[in-house]
Amino acid sequence: SDAMYKTILVKQMIEEGAELLKKLDECDVPVRAAAWYEDPEKTAWKLVVVTPAASNPGPLEAYMQIQRAMAGLSLNISLDDIIVMSPSSRKFEDFRRTLEGVTKGALLHPKGPSGVAFDDAYVYRWPDE
């Protein structure tokens, strides 16, 4: 059968994402936006990290910085679960539109450290403009 199975974003993934973001802050990796998003094509949750480190010359540098940050943490999430985007990329523009659709224009500004949960997304940080 090709029924859509909805995978559940587990509390552990939310906590690990928060832990990773905290570590990235400590390592001075600038993160403009970060959110778990359920990719409908892959029926898998991906942690989208929006950072200028992904702009130049490409996303590899950002992945390397994230990998370094992860090295000191014992996480179950891996680089395969992470997608990096540059804040100035078309990819992020599309993602932003998608996410603003998912949240139906709800306030996307998490108050406090925990973030805000939606059906297909969990948002830790979102840019203001």
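In what order do the elements of the protein run from the N terminus on? They run α-β-β-α-β-α-β-β. The model on display is a predicted one, and this tour visits it in stages.

**The whole chain**

Begin with the cartoon view of the protein. Its secondary structure comes to three helices and five strands. Of the 129 residues in the protein, buried residues make up 43%. Among the contacts with a separation of 6 or more, 60% are between residues 24 or more positions apart.

**The largest nonpolar core**

Next, select Leu20, Leu24, Trp36, Leu47, Ile66 and Ile82. The largest nonpolar core has 25 residues, and these six touch the most other members. Helix 1 (11-26), strand 1, strand 2, helix 2 (60-71), strand 3 and strand 5 (121-125) each supply at least two residues of this core. Apart from it lies another core, of 14 residues, which includes Ala35, Tyr37, Val102 and Ala121.

Now centre the view on Leu20. Which residues is Leu20 in contact with, leaving aside its neighbours within four places in sequence? They are Leu47, Ile66, Ala69, Met70, Leu73, Leu75 and Ile82.

**Gln65 in helix 2**

Move to Gln65, which is found in helix 2. Is Gln65 buried or exposed? Its relative accessible area is 18%, so Gln65 is buried, the cut-off for that class being under 20%. With neighbours within four places in sequence left aside, Gln65 is in contact with Leu24, Val29 and Ala53.

**Asp28, in a loop**

Select Asp28, in the loop between helix 1 and strand 1. Asp28 has a relative accessible area of 68% and is therefore exposed, since that class begins over 50%. The backbone also deserves attention here: phi of Asp28 is near 60°, a positive value in a residue other than glycine.

**Ala44 in strand 2**

Turn to Ala44, whose place is in strand 2. At 24% relative accessibility, Ala44 counts as partly exposed. Ala44 and Asp81 are 37 residues apart in sequence, and their C-alpha atoms are 8.5 Å apart in space.

**The largest pocket**

Display the surface and select Tyr37, Asp39, Lys46, Val48, Ile83, Met85, Lys91, Asp94, Phe95 and Thr98, which line the largest pocket. About 210 Å³ of space lies in this pocket. Strand 1 (33-39), strand 2 (44-50), strand 3 (82-85) and helix 3 (90-102) each supply at least two residues of the lining. Which element gives the largest share of the lining? Helix 3 does, with four residues. Colour the lining by class to see five nonpolar, one polar and four charged residues.

Phe92 counts as buried at 4% relative accessibility. Not counting residues up to four places away in sequence, Phe92 touches Ala33, Val50, Met85, Ser86, Pro87, Trp126 and Pro127.

At 18% relative accessibility, Arg96 counts as buried. Select Pro127 together with Arg96: the two are 31 residues apart along the chain, and their C-alpha atoms are separated by 9.7 Å.

**The aromatic rings**

Why is the pair of Tyr122 and Tyr124 called edge-to-face? The ring centres of Tyr122 and Tyr124 are 5.2 Å apart and the planes stand at 65°, so the pair is edge-to-face; the centres need to lie within 6.5 Å and the planes to be over 60 degrees apart. Tyr122 is buried, with a relative accessible area of 9%, and Tyr124 counts as buried at 7% relative accessibility.

Finally, select Tyr37, Phe92, Phe95 and Trp126, which ring pairs link into a cluster.

Methods: Residues numbered from 1 in each chain as written. Predicted model: local features only at pLDDT ≥ 70, side-chain atom pairs only at ≥ 80, totals over all residues. Heavy atoms only, no water. 1 Å grid on protein atoms, 1.4 Å probe; cavity = no way out; pocket = protein on both sides within 12 Å on 5 of 7 lines; lining within 4 Å. Points joined across faces, edges and corners; volume = space filled by probe spheres on them. Nonpolar A, V, L, I, M, F, W, Y, C, P; charged D, E, K, R; others polar. Phe/Tyr/Trp six-rings, centres within 6.5 Å; stacked < 30°, edge-to-face > 60°. Buried < 20%, exposed > 50% of the residue type's maximum accessible area, 1.4 Å probe, protein only. Core = buried A, V, L, I, M, F, W, Y, C linked by side-chain atoms within 4.5 Å. Contact = heavy atoms within 4.5 Å.
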